[in-house]
Amino acid sequence: MPEPILTRRALLRAGMSGAALSALGGCKVLDGLSAPDHQLRRFMERANDLTKAMQRGVLDRDALAQEFQPADIRQPQRPNGVTDPQDDAYLALKSKDFANYRLQVGGMVHQPLSLSLDQLRAMPVRRQITRHDCVEGWSCIAEWAGVPLAHVLSLARVRIGARYVLFHCFDTIERSLTGAVRYYETIDMVDANHPQTILAWGMNGAALPVPNGAPLRVRVERQLGYKMAKYIRAIELVDGFSDIGRGRGGYWEDRGYEWYAGI
Ligand SMILES: Nc1nc2c(c(=O)[nH]1)N[C@H]1C(S)=C(S)[C@@H](COP(=O)(O)O)O[C@H]1N2
Ligand SMILES: [Mo]
């Protein structure tokens, strides 16, 4: 039998699934593929271009935000938005130094979790010195310490079909006629699994201060500050967010800001 013109790996690269490959039944179907106008060959070349384009898009999203040296730290970390939540549940936890805090992880997961701060701190730690850019036009540089969100998600085992991580926060940012409006945010699975996306419990070598989101806030270093929910109460895996708040995926998004706030 002649050498197959396209190897199995090349086919896989071109986006054909294992099942599709077995369906080809050996290499017979591939005979004659060297003809440039062969239908299947043209199809696979197009698939290959598409895969490359998609990979490029994903790779861009995977790129790391710049990290700095300790000497670059530029503080104070200007507290912004809510800086001292007055919500009952939060005040109760704060009065005991967050000893009774539990991060709830639920929604589209196989294994819902309830994690104490000690448990979160015992998980793999990532420390990163990064710049925080607020949409209002200021920035600070701080060192953040926390557990990669990807690690927590792997423990919870995200269900197929989940598309976003929804952060529920303790703090009321606004009181409307219909009641308290609590801060919330969403990110997609690309950002959720980005290596610099951490659930931060520490800042500049100390516990995360209350003004900056104690006991737990998320860092999403490729995006603007408003994406980085502070005072996280729960994480929910969802397949959409049209039924949450005003349906735009976050408190500030509901008021006109972009859902994807890349920097
Ligand atoms: N829960 C909650 N998270 C929040 C906010 C908020 O008001 N409440 N403000 C956002 C905005 S606009 C910014 S710039 C950052 C501010 O983080 P910092 O206070 O640590 O500087 O938090 C973001 N996350
Ligand atoms: Mo901000």
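A residue counts as near a molecule if one of its heavy atoms lies within 4 Å of that molecule. The views below show a predicted model, in which local features need pLDDT of at least 70 and side-chain atom pairs count only at pLDDT 80 or more, while totals for chains, interfaces and linings use all residues. Residues are numbered from 1 along each chain as its sequence is written, chains are lettered from A and ligands numbered from 1 in the order in which they are written, and side-chain values use heavy atoms, with hydrogens and water left out.

**View 1. The shell around ligand 1.** Of the 22 residues around ligand 1, those that come nearest are Arg78, Asn80, Val82, Asp171 and Lys230. By class, the shell holds twelve nonpolar, six polar and four charged residues (Ala, Val, Leu, Ile, Met, Phe, Trp, Tyr, Cys and Pro count as nonpolar, Asp, Glu, Lys and Arg as charged, and the others, Gly among them, as polar). Strand S5, residues 164-176, gives the most to this shell, with three residues; helices (H or I, at least four residues) and strands (E, at least two) are DSSP runs, numbered from the N terminus.

**View 2. Polar contacts of ligand 1.** A polar contact here is a pair of N or O atoms within 3.5 Å. An oxygen atom of ligand 1 lies 2.9 Å from a polar backbone atom of asparagine 80. Taken alone, ligand 1 exposes 530 Å², of which the protein buries 99% (Shrake-Rupley method, 1.4 Å probe).

**View 3. Two cis peptide bonds.** Most peptide bonds are trans. The bond from glutamine 75 to proline 76 is cis, with omega near 10 degrees, and proline 76 is found in the loop between helix H3 (39-62) and helix H4 (88-95). The bond from alanine 214 to proline 215 is likewise cis, with omega near 5 degrees; proline 215 lies in the loop between strand S8 (206-207) and strand S9 (217-219).

**View 4. Two residues with positive phi.** Most residues other than glycine have a negative phi. Phenylalanine 98, in the loop between H4 and strand S1 (103-107), has a positive phi of about 65 degrees. Phenylalanine 98 is buried, with a relative accessible area of 7% (buried means under 20%, with a 1.4 Å probe and protein chains only). Tyrosine 231, in the loop between S9 and strand S10 (232-238), has phi near 50 degrees and is buried, with a relative accessible area of 0%.

Methods: Polar contact = N/O pair within 3.5 Å; in protein donor to acceptor, adjacent residues only side chain to side chain. Buried < 20%, exposed > 50% of the residue type's maximum accessible area, 1.4 Å probe, protein only.
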